[in-house]
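User: I would like to go through the fold of this chain step by step. Please begin with how its elements are arranged.

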Amino acid sequence: MRSVIIADDEKWIVEGIKAGVNWKKYGFEVIDDAENGQEALQLIQSLRPTLVLTDIKMPVMNGLELIQRGKAIAPDTIFIVLSGHAEFAYAQKAMNYGTFGYCLKPFEIEEIEGMLNRIAQQHDSKTVKEQPIHDFELYEAVCSGDLERINLWLDEKKIPLSKDTPHIPIVIQGLSSPVDVRQFSSLVFPMSRRRYGYLLEECQYEVFLQGLEQTEVVQECGVGIGPPISDIHQLDASLESASHAAFSMFATGMPGCYRVNPQQDIPIDEKLKEISRILHNKDRLGFIAAMESIKKLFKEGTFTIKEAYLLYTSILYLFPREGTRVSGRFFEGYEQLYYRYGTAEAMIDDLILMTLDIFMNRNESDISRISNHKVKEIMLYIRNHFNQEISIQQLANQFFLSPNYLCQLFKKEVGETIIEHISRLRIEYACKTLIETNLSIYQIGEKCGFQDYFYFTRIFKRHLKMTPTQYREQNNEDI
């Protein structure tokens, strides 16, 4: 799937393009957006998108500068300019910078889709470029335990590894090429296409980190610092620890320097058992709540990319057991997971979307018959949050619609008002909870989003012509 970033300071334009364009038809996926050129440049640096759609006039950094600097960072990224008639001259100038084309505002969706089609055809017809061959000699030797080759490399680099001169492995995750830090440039060794290691004397690594600060790598990448070693037998374990620490950027969502955390009892097994039970019970709200709690554990640094890989893989294994096929794919290792999602938060959000089918019931299937993309998004949001406080104004703000238009559009597409829709979802969830749990009526009402016990029972009776207690007793008798 080809990746896309949209840069425009008018949020309604961004949302309109996202919702209106049939991205999947042409093999594209919008992975992020930015409100100014500086944010977009940072996204280009970290995500290396296939395509960037950019406005000309934006705060902080305009579109022309973004194209120039973006091309320097990611030469293969394609740029399309979104331009108003007043900026037509700028759009023409942007063509000289190597942009693919431009769309004049107000633009037609068909115009953008036409460009996507041409880009896709060009990509398909291109011969695959040969990837540069990196010298992975040291890392391969470490992985295979070839001490002779490791010693040869250390001798060649004049690295005096001993008890008197302990060394520290440092791994930088997210680089397209090794960073040049003055006298340390010869100590670098590639570990993958975008991961590089350094082996430094313990007394040197502070100077090395200061050099990294000057290159801004610490603000853009994950830097992992392993424990000191004085013997080549310790190199493998220390390097692995440094790699895990570098992947902390994936867990926390924050670039920077990370050291190896001491071993701790991490409750991932209990979380996986809880998720397995929730999937079996088809409890969508319970699943979302569990995943949101796991998000916090990643942001706090309690969970690492190791737990992320285990979580992702385990959930994909659980789907077939529940009779559901999903579009998610298994990854061969941490690095593939890292480059697919960038952060644990993005991975969890995608897992929540992938679980839609496993929780599918009559109400969920209503989404599939809705043709309006915006209404689909609103319905999905309500499905995931109906047990929380939701107001018309909140939905209007979130989806960039006026309250009146939102209500009219929803009623027309869904056949019931937003309030009726939310109430129905809450009552149906209450029915399920009344049968499957021993919670009190008050607790169930609260769990479903009703803060007032009497209001809950009144709404419940209006829908089912009986009280919650009567419903529970009747269904228990049937069982």
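**Helix and sheet arrangement**

Analyst: In this predicted model, helix α1 (residues 11-20) lies across β1 (2-7), β2, β3 and β4. Relative to β2, helix α1 runs at about 170 degrees.

User: In what order do the five strands of the open sheet stand?

Analyst: The pairing in this open sheet is parallel. From one strand to the next, the twist averages 20 degrees. The five strands follow the order β2-β1-β3-β4-β5.

User: Which strands stand at the edges, and why is one side of each left without a neighbour?

Analyst: An edge strand here has a single partner strand, so one side of it has no neighbour in the sheet. The strands in this position are β2 (28-34) and β5 (101-104).

User: Which residue in β4 is the bridge partner of Leu51?

Analyst: Strand β3 (residues 51-55) and strand β4 (residues 78-83) run parallel and are joined by five bridges. Leu51 has its bridge partner in β4, and that partner is Ile78.

User: What percentage of the residues is buried?

Analyst: The chain has 23 helices and 10 strands. A residue counts as buried when its relative accessible area is under 20%. Of the 479 residues in the chain, the buried share is 48%.

User: Among contacts between residues at least 6 apart in sequence, what percentage joins residues at least 24 apart?

Analyst: A contact requires heavy atoms within 4.5 Å. Among the chain's contacts between residues at least 6 apart in sequence, the share joining residues at least 24 apart is 65%.

Key:
Residues are numbered from 1 along each chain as its sequence is written. This is a predicted model: local features need pLDDT of at least 70, side-chain atom pairs count only at pLDDT 80 or more; totals for chains, interfaces and linings use all residues. Side-chain values use heavy atoms; hydrogens and water are left out. Helices (H or I, at least four residues) and strands (E, at least two) are DSSP runs, numbered from the N terminus. Buried means under 20% relative accessible area, exposed over 50%, partly exposed in between (1.4 Å probe, protein chains only). Two strands pair if DSSP finds at least two bridges between them. Axes are lines fitted to C-alpha atoms, for helices over the stretch in contact, and angles run from 0 to 180 degrees between N-to-C directions.
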